[in-house]
Amino acid sequence: MQLAITEARKGIGLTSPNPPVGAVIIKGKELLGKGWHTQAGKPHAEREAIADALGRHEKDILQGATIYITLEPCSSHGRTPPCTQAILDAGISHVIYGAKDPNPEHAGCAEVDLKAAGVSVTTGVCEQGCQQLIRPFTKVQQTGLPWVILKSALSLDGRITRAPSESRWLTSPASRELVQQLRFECDAIITGGKTARIDDPSLTLRSANLPKKKQPWRMVVTRGTKSQLPANLHLFSDDHADRTLVQEGGDLHAALRTLVEKGCNSVLVEAGGTLMGAMLEAGLADEVAIFYAPMLTGGPNTGFAGSQIEWELRDQHFSCIGDDILLRASIKHPV
């Protein structure tokens, strides 16, 4: 299952509105095939693993084999045929999956169908790791809202800007490259109207070290109207202008619902402290990715402003990125 999880991670940032899924097929002590879901509308991980096995072995090699899947196999016909049928057609006799389908209409259906056909089924193997993979998909299924990551770069005194005479950057080139990875893993990037006007950001994928994918949606949340934003901003005039959306009136819930309608499971917020604080105050944020730079800058612009609630962070992970420290953690929502 750990190998299946490794396969699934290859799909993070590529599969929405579907979740990333990995599959591995074993017979005895032999690895027959493995695969991962590469894109919505393309074969699911189970079919990729079956094709991999059949491409390297004799046709009946899958008779009596075991397949490990990070997520319960689909049992209904969507853009692709049901994977439960592919498993039955291949002659696989044992199915092991980690996480149940978070869609209540489908949860548990695969186990019923497979057992009815005489296939042995085991569930819940490495469940926590498998659930971790699909947190954005799960949140969309359960709430209709995407997984929201607040990304910020802060000085050690909690500021997000430097003096006008100094570099605009707080963090190291290595940290800025990692931000590209974060953008790649998400389906949309949100910023605020003030940030758009002052910083004129591009919010694009531009690292040569990442696979090619479609530019994430860009959403500007403004308290005013789109007509009040300069038309010559990069977000409205570059080659990806058709991927830029504007949410007027500062309605955060509406902004997130719109992105889900566009097929987004995960959203990265790159904005000033006011919008960051508003996301927290509204209980819409799920995770933080905070880069701490080894400097004290002073000034009035703080990273998170306005929230009156104390937020507890869970699953904290610290790592050194160049001269900076990155904190990634999930947000525990107060009762």
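Visitor: In what order do the five strands of the open sheet lie?
Guide: Welcome! This is a predicted model, in which local features need pLDDT of at least 70, side-chain atom pairs count only at pLDDT 80 or more, and totals for chains, interfaces and linings use all residues. Residues are numbered from 1 along each chain as its sequence is written, and side-chain values use heavy atoms, leaving out hydrogens and water. Strands (DSSP runs of E, at least two residues, numbered from the N terminus) pair if DSSP finds at least two bridges between them. With mixed pairing, the order is 2-1-3-4-5.

Visitor: What is the bridge partner of Ile25 in strand 2?
Guide: Strand 1 (residues 22-27) runs antiparallel to strand 2, and six bridges join the two. In strand 2, Ile25 has as its partner Gly33.

Visitor: How many residues line the second largest pocket?
Guide: A pocket is an open set of points on a 1 Å grid over the protein atoms alone, where a 1.4 Å probe fits, with protein on both sides within 12 Å along at least five of seven lines; lining residues have an atom within 4 Å of a point. Gln132, Arg135, Glu185, Glu287 and Arg328 lie nearest the centre of the second largest pocket. Its lining counts 34 residues.

Definitions and conventions:
Helices (H or I, at least four residues) and strands (E, at least two) are DSSP runs, numbered from the N terminus.
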